[in-house]
Amino acid sequence: MMSAILKNRERFLALVIVVLVLAVGFITPDFLSFTSLVGTFNDTSILMILAMGQMLVILTRCIDLSVAANVALTGMAVGMINAAFPGVPIPLLMLFALVMGAVLGAINGFFVWIVGVPAIVVTLGTMSIYRGSVFLLSDGAWVNAHQMSESFIDLPRQVVLGLPMMSWIAIAIVALLFFASRHWRSGRDFFTAGGDPTAAFYTGVNVGKVQFKAFVVSGTLAGLCGYLWVSRFAVAYVDVANGFELQVVAACVIGGISIMGGIGTVIGCALGALFLGVINNALPVIGVSPFWQMAISGAVIIIAVIANSSAERREGRIILRSAVTARGAQKVEAA
Amino acid sequence: MITNSAVLSLRDVSKVFPGVKALDNVKLDLYPGEVTALVGENGAGKSTLVKTLTGIYQPDGGELYWKGEPVDISDPEVALQLGITAIHQETVLFGELSVTENIFAGNYLTRGPLRRLDWPAMHQRSREILADIDAPLDPKAQLKGLSIGQKHMVAIARALSVDAQVVILDEPTAALSHHEIEELYGIVERLKKSGKAILFISHKFDEIFTIADRYVVYRDGNFVGEGLISNVNEAELVEMMVARSVSETFPKQTVSIGEPVMTVSNLNHPTEFADINFEVRAGEILGFYGLVGSGRTEIMQALYGLSKAATGDVRIDGKTTQIRSPADAIADGLVYVPEERQQQGAILDLPIFQNISLPQLSKLNPKGVLNEQREYELARAYGERLKVKTSSWDQKVANLSGGNQQKVVIGKWLATQPKVIILDEPTKGIDIGSKAAVHRFMSELVEDGLAVIMVSSELPEVLGMADRIMVMHEGLMVREFSREDATAEAVVAAATGGLAA
């Protein structure tokens, strides 16, 4: 049974999420109300968007620890602009957040691709630099709700077809990545570059450039989340999203993205984020203490890593003819 | 200078690696509709040349011409766009991806203004190409589930999916069975007829004389000669390759063969090999010959405790041993010198003496405090015995030549005073001088009463050095030859599945 589950990470995760939601709903029926479910999804949107960017980075055998600091820095920047110039239209502000996030991501990508520094070192450094820059930019001051314009705060909350705008943004990004990962060369490059960098190089894929792109996408999405975070919580300060990068990485790992690169799916990653979101939202509802939540999240991460590693276990060369025929029918889903 | 009809030409091309001049002012011409065989020993620069032609390496000097025009193949994508495609010696493919994607990666078929990947068309095309080369694989199957021969067919399909003008085959038959080799000949014939220029790299003279129109010989990175195949015979080619007489001398000594030291019975593995039985005696060199991926290395790794799934009975000196880890194997007197020296054999950034003392640090330093003096003496004893060329035993192994690195690795294992030593491709990728030294050394080992198991893909080496030869095919032991009975033809036929065992 275990192996069947491992082969179907998406279905398994979806099942666990449904069971979890129903179980919590059994104890506290209010949790199953439409408003509550939408709220849970909406609370997960930022995590899901950041996990999409992180997924691309991890697929290429890197890691981006600076995402949360990027969120804080761009969030502070747009918050301060909005406070100082309330007349700047929100779409323009969002564009600014995207570009600024992209630039911060490109800095990571530059050091990984051109300078050749390991991603964990680069992003550990930029994580501190970006976080410190929030302080330098704001002088430690907060941007509070009353300083922000109404439209700045309202946009993610606007309800369209029953869902808040922020949820729609997350859904749109997941859909875009889902499409790209199957139907665009630029999407497939993340899988080839991370799956086997040597083979990718031989086929004409520039692995460093693909890693650079992954960091730019991750940074861009972090920039977007910078705006979403500050507007949703209507406050910008130095410690926004502090430590959130670990949740983002955890969502990817739970979603079946291999830390060794090259393996994973967009849907799996989105479900990984949703799973963490449900845990974070559902457990307080049934009165589980926050410390238990942390322990449960941690245990789930370890279980997910074990599941990933057994799914990735190196196959032998499969020399015997009998062994070939026995396994002949294996298929891959992606293509 | 350059013939008009050559599609791709190299002039004075050099490529230097630290310590080695892999290519030294070589030339090459490839003509449409003709097969050019590139001949040379290991270390002649053939694989470096392939990597230069496909944009993986950049030459340090010289010019490349594409249809008479100077060209700079700055990366693999440029090579692909020019129309140069290669089947590399080692298959470089993506285990996690589908057969189809392995064939089209980097060169996907797209449709529509969005340049959407056209998976149905690619699956269809894969199916056609695979059917064409008689390899009916499921295009949607995951690559890592395929056998090594099947993977090779995928690599060939990949090269054929490109509308190339130059097709490079780098030892394409190394992992193929008899039947698959016949298929490959057919493919080469067809490519030739459609006007492609083909560069064919092979060790096997029968293949060269079967399909090549021209030959080019390299030796130690130098251009030696070229011409039409019809104007040359095998002896002349060999002489150009090695610049010495055909009867390559192997320093094989007659050693009286003693009692069995290691007996292996009923060794099995679920996917890699089955029903392995053999013994090796003191003073004996037992050769394991087979195609790349016939299961030789897997057996040795199982004996050495690296493969958990294997089952069987192994006796060393009559005692049944439970080898679960390399530490167990070393304790029982079995050592393994792996094929991938750089990855598995030596710790390149450590000095020579620390490499040699590594397997017995606790024996040398019983109190747990390192005694560099003792480590140093051990290293000197074995380093000098093996004639490692170095200015000091403090040198990093990384700074030594390939041959000397190999000596350090062998020295490290000899220092543990084993009873059985397994040498996996002991002379792969080292120069001719070092090769002879390794062979001499193997003779000395058996004189000292050691049992040696030698895994090798080089037929002359196996025929020249082994007392007995075990031939593997697709994970099974198909035949055993004594030194007297072994002829090149019979051994190759057994290894390619041409003969029923």
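Into which domains is chain B divided? Chain B has domain 1 (8-242), domain 2 (248-333 + 419-501) and domain 3 (346-417), with bounds that come from an automatic or database domain assignment. Taken over C-alpha atoms, the centres of domain 1 of chain B and domain 3 of chain B are separated by 40 Å.

A word on the model and its numbering. This is a predicted model, in which local features need pLDDT of at least 70 and side-chain atom pairs count only at pLDDT 80 or more, while totals for chains, interfaces and linings use all residues. Residues are numbered from 1 along each chain as its sequence is written, and chains are lettered from A and ligands numbered from 1 in the order in which they are written.

**A sheet in chain B**

Let us turn to a sheet of chain B. Helices (H or I, at least four residues) and strands (E, at least two) are DSSP runs, numbered from the N terminus, and two strands pair if DSSP finds at least two bridges between them. Six strands of chain B make an open sheet with mixed pairing, in the order E18-E19-E20-E15-E21-E22. Strand E18 (334-337) and strand E22 (476-482) of chain B each have a single partner strand, so one side of each lacks a neighbour in the sheet. From one strand to the next, the twist averages 20°.

Two of the pairings look like this:

| Strand pair | Sense | Bridges | Residues that stand opposite |
|---|---|---|---|
| E18(B) and E19(B) | parallel | four | Leu334(B) and Val420(B) |
| E19(B) and E20(B) | parallel | five | Leu423(B) and Met454(B) |

Both faces of E18(B) are covered: Leu334(B) and Tyr336(B) are buried on one side, Val335(B) and Val337(B) on the other. Here, buried means that 20 or more other C-beta atoms, placed from the backbone, lie within 10 Å of the residue's own.

**Where the chains meet**

In all, 38 residues of chain B are in contact with 30 residues of chain A, contact meaning C-beta atoms, placed from the backbone, within 7 Å. Helix H2 (76-82), helix H3 (99-104) and strand E8 (116-117) of chain B each supply at least two residues of this side of chain B. H2(B) gives the most, with three residues.

**A covered helix in chain A**

Finally, consider helix H9 (residues 185-195) of chain A, where eight of the eleven residues are buried. Among them are Arg188(A), Asp189(A), Phe190(A) and Phe191(A). The cover over the buried residues of H9(A) includes helix H3 (34-59), helix H10 (197-202) and helix H11 (207-233) of chain A.

Conventions. Axes fitted to C-alpha atoms, helices over the stretch in contact; angles between N-to-C directions. Buried ≥ 20, exposed ≤ 12 C-beta atoms within 10 Å, placed from the backbone. Contact = placed C-beta atoms within 7 Å.
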